Amino acid sequence: MGHSTRKLPPGQSRVEGFPRFGTHLSRPAPPVPADPVIAVRGVVAEDLDLPLTALSSLPRKEITADFHCVAGWSATDLRWEGVSFETFYRAVVKPALSPGTSVTHIKCRGLDGYEAAVTIEDILADDVLIAQNLNGRPLDSDHGAPVRLVSPSQYGYLNVKHLCHVEVLTRAPAITEGVLIRSHPRARVWEEERHGLLPGRVVRPFYRVLIRPIRMLCALGARDRHTRRRPPR
Ligand SMILES: Nc1nc2c(c(=O)[nH]1)N[C@H]1C(S)=C(S)[C@@H](COP(=O)(O)O)O[C@H]1N2
Ligand SMILES: [Mo]
């Protein structure tokens with residue numbers, strides 16, 4: 001696929017391909033359960049578990065977008081397919097809410113325990129997907145099997161992989177991070193909201209030096225690391 005001519009957000013540089021990246025570092029991806037579900041919890045009248053087979057029967061959506069990690073790399077022209085988060089919300093979450101509930105955030109969790117909260121405005125935006133396919137194939141374990149959140153207008157750290165749990169909240173979750181690595185509650189890429197306290201431009205160089213070591217560690221836990229290490233012929 002040729003490089004798109006789309007502009008990148010401020011402070012981002014293009015990478016070749018789409019590296020596995022994240023806080024799992026050298027750990028392999030979590031196993032996918034035999035009958036995976038998305039558990040819906042929080043301010044719902046009754047807890048519910050939506051089987052992914054039922055998710056698949058909702059109206060489908062496809063987007064082509066670039067993916068931006070807060071550390072400064074961007075993967076371009078990724079074709080995601082799945083169910084728009086808004087469709088999932090209207091069909092599954094909204095009917096389960098108690099009347100009069102005013103939802104402010106959705107906290108997403110992956111099978112590896114990774115969590116991120118997204119404001120309700122941001123998560124209901126047009127380009128937010130619960131993705132099942134990437135570039136025409138089911139998501140592999142490197143990129144979030146069986147399903148992941150994709151919100152291309154927000155930094156990668158809100159794009160929770162291996163999505164298995166959504167918690168419906170009526171207030172912002174308590175801050176559990178330290179001052180140095182404090183995520184921004186909106187993390188919009190075009191506004192360069194890299195950090196919760198400091199301007200994005202200021203933290204750019206500090207995040208940038210993390211790319212190489214994190215990429216190397218994540219590659220250790222990657223699915224295809226043995227084939228990747230074989231010299232090209
Ligand atoms: N479950 C889970 N989701 C995650 C992460 C993680 O460690 N675990 N890392 C986040 C970060 S910081 C980034 S940049 C992207 C990386 O997505 P990729 O591995 O598909 O490139 O996933 C995000 N979602
Ligand atoms: Mo990231």
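In which loop is His-162 found?

Figure 1. His-162 is found in the loop between strands S10 and S11, the latter spanning residues 163-169. The phi angle of His-162 is near 50 degrees. This is a positive value in a residue other than glycine.

**Figure 2. The cis peptide bond between Ala-145 and Pro-146.** The bond that joins Ala-145 and Pro-146 is cis, with omega at about 0 degrees. Pro-146 lies in the loop between strand S9 (137-138) and strand S10.

**Figure 3. The surroundings of ligand 1.** Ligand 1 sits in the largest pocket. How many residues surround ligand 1? The shell has 21 residues, and the closest are Pro-19, Asp-112, His-143, Arg-148 and Lys-161. Sorted by class, the shell around ligand 1 comprises nine nonpolar, seven polar and five charged residues.

**Figure 4. Polar contacts of ligand 1 with Asp-112, His-143 and Asn-159.** Asp-112 places a polar side-chain atom 2.8 Å from a nitrogen atom of ligand 1. The side chain of His-143 has an N or O atom that is 2.6 Å from an oxygen atom of the ligand. In the case of Asn-159, a backbone N or O atom lies 3.0 Å from a nitrogen atom of ligand 1. On its own, ligand 1 has 530 Å² of accessible area, of which the protein covers 97%.

**Figure 5. Confidence of the prediction along the protein chain.** The mean pLDDT of the protein chain is 94. A value of 70 or more is reached by 94% of its residues. Which element has the lowest mean pLDDT, and which the highest? Among the elements of the chain, helix H6 (residues 225-229) has the lowest mean, 55. Strand S10 (residues 148-150) has the highest, 99.

Terms used. Residues are numbered from 1 along each chain as its sequence is written. Chains are lettered from A and ligands numbered from 1 in the order in which they are written. This is a predicted model: local features need pLDDT of at least 70, side-chain atom pairs count only at pLDDT 80 or more; totals for chains, interfaces and linings use all residues. Side-chain values use heavy atoms; hydrogens and water are left out. A residue is near a molecule or strand if one of its heavy atoms lies within 4 Å of it. A polar contact is a pair of N or O atoms within 3.5 Å; within protein, one must be able to donate a hydrogen and the other to accept it, and residues adjacent in sequence count only if both atoms are side-chain atoms. Accessible areas come from the Shrake-Rupley method with a 1.4 Å probe; for residues, only the protein chains shown count as cover. On a 1 Å grid over the protein atoms alone, a cavity is a set of points where a 1.4 Å probe fits but cannot get out, and a pocket is an open set with protein on both sides within 12 Å along at least five of seven lines; lining residues have an atom within 4 Å of a point. A molecule sits in a cavity or pocket if more than half of its atoms lie within 2 Å of its grid points. Ala, Val, Leu, Ile, Met, Phe, Trp, Tyr, Cys and Pro count as nonpolar, Asp, Glu, Lys and Arg as charged, and the others, Gly among them, as polar. pLDDT is the predictor's confidence in each residue, from 0 to 100. Helices (H or I, at least four residues) and strands (E, at least two) are DSSP runs, numbered from the N terminus.
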